[in-house]
Amino acid sequence: MSDKGANISPAPPVPKLPSKEELAARRAAEGFVVPQKHEEGAEAHAEPAAAEPSVAEPSAAAAPAESAAKPAPEPAKSASPAAEPSKEPAKPAAAPAPKPAAAPAPKPAAAGAAGAAKPAAAAPAAAKPAPAAKPAPAAKPAAAAKPAAAAAAARPAAATATVSRRGFVSWFSIGWTAFSLASAGGLVGLLRFLFPNVLFEPPSSFKAGFPDAFGVGQVNEDFKDKFGVWLVRNEEGIYALSTTCTHLGCIPNWLATEEKFKCPCHGSGFYKTGINFEGPAPRPLERYRVALAEDGQVLVDKTRKYQQELGQWADPEALLKLT
Amino acid sequence: MALKNALDSFRQGQVWKSIFRHGPPTDRRNRGMVVLSNVFLHLHPIKARRSGIKMSYTWCMGGLSFFIFLVEVVTGILLMFYYRPTPEYAYNDIQQLGFDVPLGIMREVHRWGAHAMVISVWLHMFRVFMTGSYKPPREFNWNIGVILLVLTMLLSFTGYLLPWDQLAMWAVTVGSNMARATPFLGHEGPGAALLNIGGIPLITPASDVRFALLGGRFVGAATLLRFYVLHCVAIPFIAVILMAVHFWRVRKDGGISGPL
């Protein structure tokens, strides 16, 4: 093999030495090796490919066509029995190039065999899941050794010009891949770190006492400081107003004598219902969900809010009916 | 006489020579050598153009900004000896820095310095624009400068919260409420509903960018601590790195304030 590039160690020993037929088949497939289960697909691929006019004898035509399809389905070790015998006559002088176990698609090179475009397109895509990417130079001697597909020989030779098999997965690329993955992981961890899992804030739902404690027409401020909620009772029932001004988020004050909520920041004014009527507030105060707890107390649930301008005050959970 | 001899022999000694390697900067060569061999001085070029030290040319705003930044760092560190960033203590500590601590003016100096720095960086930017010092090859440095401007504003914003008074709390509430409306990343912004996994929303009031900034759903203890760390460590760290790039580029792009 003509390896160039700064490789540190010599070629590792081939783990499982395949048989000569196996090597020949593989070379015919230009280094394509894929899992066995796609074998049915191999025949299907072979059909259209076999129809293509190829070079030399029909067996030779079938061979490159099938071998081109082969990359898609073929696993590392066993070539399909149908392909093997046809490949052997087609590739007499395939000198076994030293080749590690799996050599998936060195792209169009191998699959380009004999103009079998469709299998060619399928092969690289299917060969991707194949293990241990070692393309190109396997293709090169293989292509050179392939007498049957002359056209294929030209194309692979051109396409597999630069990256050697050994150089493709080098320490360099392993190192950079590991570094990038570690950096990406670190960045994700950093971002996640900024979102605390535990909040030391008052709970978002609370019980506000029994309904009888609220007088009709009154605004209850007992829960304003701790929970940010006003509880108001009208003839129909009880509703919970958010104490967040809809202008820019300050906390308004309830002015009982003037029967309005007035925000100290910019002067937004709201009626007892929460409707805005003066100042820069663009919309009414929001209401929270109210319900009756099991023990009969009023339960305020701040995780759901209802906005009047969206028509949500009509929702039955926005008002606890007490008639 | 004896004193002069003593001084001379001291200057010939190993202690002195190990610190001051070259002779006094009296001649041209030594002036250059002294600058080159000093880590602080070598950040400057050995020679500067005459226009580079003209106030009417440069306004000296860049240098002033850096100087004020150094003042802020020093006063800030001094403040850190007495300030505790929790809602319980923050306000009182700030009060105590004025009355219970000698030279109780650090807090004021720090605050005035912050205002001054904001003014000086804006004036610096204005000057750079008016003298055309953003044109090639200096365009990259202009961009670095804009980022530094944003960092200065962020330093002001984060520092504003630390006294933990009404002004601070509401200013940061209003300012951070803007983050709710960030596209995609804010829970009230456009496109937030698109980010979900199988119906579970990823961007809620408890998981959007405003939440990450505040460390909670509203300005509270977590926010105070977070802003403290940002103000004292994170943003100055990035700012120092970018300042190094900024000064480096001034030199490499042809020096301060020369004709194009």
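**View 1. Strands S7 and S8 of chain A are joined by two bridges and run antiparallel.** Strand S7 of chain A covers residues 269-270; strands are DSSP runs (E, at least two residues) numbered from the N terminus. Gly269(A) has Glu278(A) in S8(A) as its bridge partner. The model is predicted: local features need pLDDT of at least 70, side-chain atom pairs count only at pLDDT 80 or more, and totals for chains, interfaces and linings use all residues. Residues are numbered from 1 along each chain as its sequence is written, and chains are lettered from A and ligands numbered from 1 in the order in which they are written.

**View 2. Four strands of chain A form an open sheet in the order S5-S6-S7-S8.** The pairing is antiparallel; two strands pair if DSSP finds at least two bridges between them. Strands S5 (253-255) and S8 (276-278) of chain A each have a single partner strand, so one side of each edge strand lacks a neighbour in the sheet.

**View 3. The largest nonpolar core has 24 residues.** Such a core is a set of buried Ala, Val, Leu, Ile, Met, Phe, Trp, Tyr and Cys residues joined through C-beta atoms within 7 Å, where buried means that 20 or more other C-beta atoms lie within 10 Å of the residue's own. Val229(A), Leu231(A), Ala240(A) and Val290(A) have the most contacts inside this core. Strands S3, S4, S9 and S10 of chain A each give two or more residues to the core.

**View 4. Residues 38-154 of chain A have pLDDT under 50.** pLDDT is the predictor's confidence in each residue, from 0 to 100. Chain A averages a pLDDT of 69.

Conventions:
Contact = placed C-beta atoms within 7 Å. Buried ≥ 20, exposed ≤ 12 C-beta atoms within 10 Å, placed from the backbone.
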